[in-house]
Amino acid sequence: MKEMSGNTVLDSQNPQKHYGITSPISLACPKEIDHIYTQKLIDAMKPFGVFEDEEELNHRLVVLGKLNTLVKEWISDVSESKNLPPSVVATVGGKIFTFGSYRLGVHTKGADIDALCVAPRHVERSDFFQSFFEKLKHQDGIRNLRAVEDAFVPVIKFEFDGIEIDLVFARLAIQTVSDNLDLRDDSRLRSLDIRCIRSLNGCRVTDEILHLVPNKETFRLTLRAVKLWAKRRGIYSNMLGFLGGVSWAMLVARTCQLYPNAAASTLVHKFFLVFSKWEWPNPVLLKQPEESNLNLPVWDPRVNPSDRYHLMPIITPAYPQQNSTYNVSTSTRTVMVEEFKQGLAVTDEILQGKSDWSKLLEPPNFFQKYRHYIVLTASASTEENHLEWVGLVESKIRVLVGNLERNEFITLAHVNPQSFPGNKEHHKDNNYVSMWFLGIIFRRVENAESVNIDLTYDIQSFTDTVYRQANNINMLKEGMKIEATHVKKKQLHHYLPAEMLQKKKKLSDVNRISSGPPSKRSSLDSNCLDSSRDTDNGTPFNSPLSTNKPTKHEAPSAGEMERNSAESTAVIVEKSTSVLPTQGLSIPVIGAKVDSVVKAVSPSAVCTIPTVVGRNVIPRITTPHNSAQGQPHVNGMSNITKNVIPKRSHSPSIDGSSKRLKEKDKFVRLESAFKESHSEDRKRKSVDAIGGECMPIPTIDTSRKKRLLSKELPDSSSPVPANNIRVIKNSIRLTLNR
């Protein structure tokens, strides 16, 4: 985004504290009309339970006070059991810190509390998950107590006097924990294990965000509005590749830094203005990253090649700095950027008096937006098994999205974060069923009357990942199944109640009338091929997981249509004989070998590009950004590599010739890049490139290796469960006609 000095109001007579890594865009103070619009915004949010009353707030304080007392008692007991002197036991202390939405002051009615238990050095993590867990078990008012010790951030979850609490643990390298302990001090991280550092990170980031905004109350009100909007629009889910609470908080905090004196109504509008024009993947930073001698891994694309592939980096302000949007994919970023643009258009109308805030909070018309959908179903035979199974499947849906994005015939794979109860008539063996819906946009293929598309391998790759993990953590039980089915929009009534589809349709009509010109994605959808017949649509079959593999074909692909790219190229990609399932882009396979020949490209030649696990995909090509070329960025940083998702060739054959090249000069650049890389050596290393060079997917992601336990994400060499549990797979083959 361009920030022009002419737009910045400078007041040399009344200097103001500088926030952020750049100067503010405007120091203008709010006018009376801005306060009126802010009050209208508050009134529009109240029906959604955004604000708690005084009684509920006080109840939370009472519960946290009880929990803090329990922690101090427990630490004192542990100290005595370890034979510490009585004088030391009396002063060991211990404290509960809060973080997340409650600490930021933006929690909603009934929301849980994220809390951190800080203990001195002689209290072990094993004590927390054993003796403290037992203490909670015998405490009045505690319900639904459960420990998740193998999580990325180990946690004890419970309900205390009606308040849900997620409690993590950290032991500091100090003898006593005082009530005035400041966790923002980087020296507190010294000599800690990685789990304690992760546990402390939530508090440190939350406190740093509050420290970096000019007006905390205005920040909180703006963040409440943005979080409510994101949830209503279906783009609030870190797990599924959208943004989570801390990421939305950092975007709002950056907006507050750029407009430090603005009212909340103005800041909501400026939020959409700033991030609808943001030049991703330039990072959002609230402060300049600070150096430290603790040698912890931090986000830095200059040092870590894998960091260059992050599509929407939003960097936490506390050391060690990390990207909070690691899960964002091409599709989720596309959806969010379009929502930013839509939000900008609506807030423009609101501040011009042409509309009101309720329009901003209207839900999307997801079930009317696409012609094609994939219905993902997870079912189990008991309620307990179903809760476990649904949690695992949902946490891996982003792997499916990544697989679909790399299919050469798919432009967009949009997952709806909301799950729906399944139709039990379709699953007579299982009484507990959940469904997710993914909207699909197929790429338009020129010079082809029809094209056969096989999504079976993409689905099987995803289900293999889920079954492997379930098997590795001993979760897989009889009756746990995953099924995927392709349906058209007109077939959705078989899966969802008619009133839900009708309601969505009415909302879409309102949005279509009021939103003006259609978005780019709408035009893509209308220009794409429609499905005339679906072969083996949703038919389950049993197959050995280790040997099921689509037939090998050479499939010439037409010019690739990327949403942010104007370049076209005609290539044919050979499929590898590897039987390993393809991993999603955000889940790289560690230690995979690349063993493929890169062929030179010429107008009459074809090419194969080496990538993860020996599979061949169309190369990642960096493209110039269409807007704001040559403009300084709001963060004062130069552009990092702009990534385009690589597409994978599949088995379907195309009736018709490949698309002719329209831009010879761009093709020549691509040709020369590949000719330079032509070599007789079959073993090639991944190319790390910035600028306009081709960039294969990195085969090793060291940051991910540090972040994930082996149990959380088994690689594709892990054995697929070889028990008698019936694994259901779906063959999804369809033919698209012009």
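## Exercise 1: a strand and its neighbours

In this predicted model, β4 and β5 form a hairpin with 2 residues between them, and Asp161 in the turn has a positive phi of about 50°.

**Task.** Determine in which sense β4 pairs with strand β5 and with strand β3, and which residues stand opposite Glu159.

**Solution.** Begin with the side of β5 (residues 163-171), which pairs with β4 in the antiparallel sense over 6 bridges. On this side Glu159 stands opposite Glu164 in β5.

Turn next to β3 (residues 142-148), where the pairing with β4 is again antiparallel and runs over 5 bridges.

**Task.** Is strand β4 largely enclosed or largely open, and why?

**Solution.** Count the residues of β4 (residues 155-160) that fall under 20% relative accessible area, the cut-off for burial. Because 5 of the 6 residues are buried, the strand is largely enclosed by the rest of the structure.

## Exercise 2: aromatic pairs

**Task.** Find how many aromatic pairs a search of the whole structure gives, and then classify the pair formed by Phe128 and Phe129.

**Solution.** The search of the whole structure returns 28 aromatic pairs. For Phe128 and Phe129, the separation is 5.1 Å centre to centre with 85° between the planes, and the pair is edge-to-face. Both Phe128 and Phe129 are buried.

**Task.** Classify the ring pair of Trp229 and Trp248, and state where in the chain its two members lie.

**Solution.** The ring centres of Trp229 and Trp248 are 5.9 Å apart and the planes stand at 85°, and therefore this pair is edge-to-face. The pair links distant parts of the chain, since Trp229 belongs to helix α7 (residues 216-232) and Trp248 to helix α8 (residues 245-258), 19 residues apart. Trp229 is buried, as is Trp248. Extending the search through ring pairs, one reaches a cluster that contains Trp229, Trp248, Phe271, Phe272, Phe275, Trp278, Trp280 and Phe340.

**Task.** Which residue lies over the face of Tyr236?

**Solution.** Lys231 takes this position, at 4.9 Å from the ring centre of Tyr236.

## Exercise 3: the whole chain

**Task.** Describe the chain by its secondary structure, burial and contacts.

**Solution.** The chain holds 19 helices and 15 strands, and of its 738 residues 56% are buried. Taking contacts between residues at least 6 apart in sequence, 78% join residues at least 24 apart. The accessible surface comes to about 31700 Å², of which carbon and sulfur atoms contribute 49%.

Methods:
Residues are numbered from 1 along each chain as its sequence is written. This is a predicted model: local features need pLDDT of at least 70, side-chain atom pairs count only at pLDDT 80 or more; totals for chains, interfaces and linings use all residues. Side-chain values use heavy atoms; hydrogens and water are left out. Buried means under 20% relative accessible area, exposed over 50%, partly exposed in between (1.4 Å probe, protein chains only). Helices (H or I, at least four residues) and strands (E, at least two) are DSSP runs, numbered from the N terminus. Two strands pair if DSSP finds at least two bridges between them. Rings of Phe, Tyr and Trp (its six-membered ring) pair if their centres lie within 6.5 Å; planes under 30 degrees apart count as stacked, over 60 as edge-to-face and the rest as tilted. A charge sits over a ring if NZ of Lys or CZ of Arg is within 6 Å of the ring centre and within 35 degrees of the ring normal. Contact means heavy atoms within 4.5 Å. Accessible areas come from the Shrake-Rupley method with a 1.4 Å probe; for residues, only the protein chains shown count as cover.
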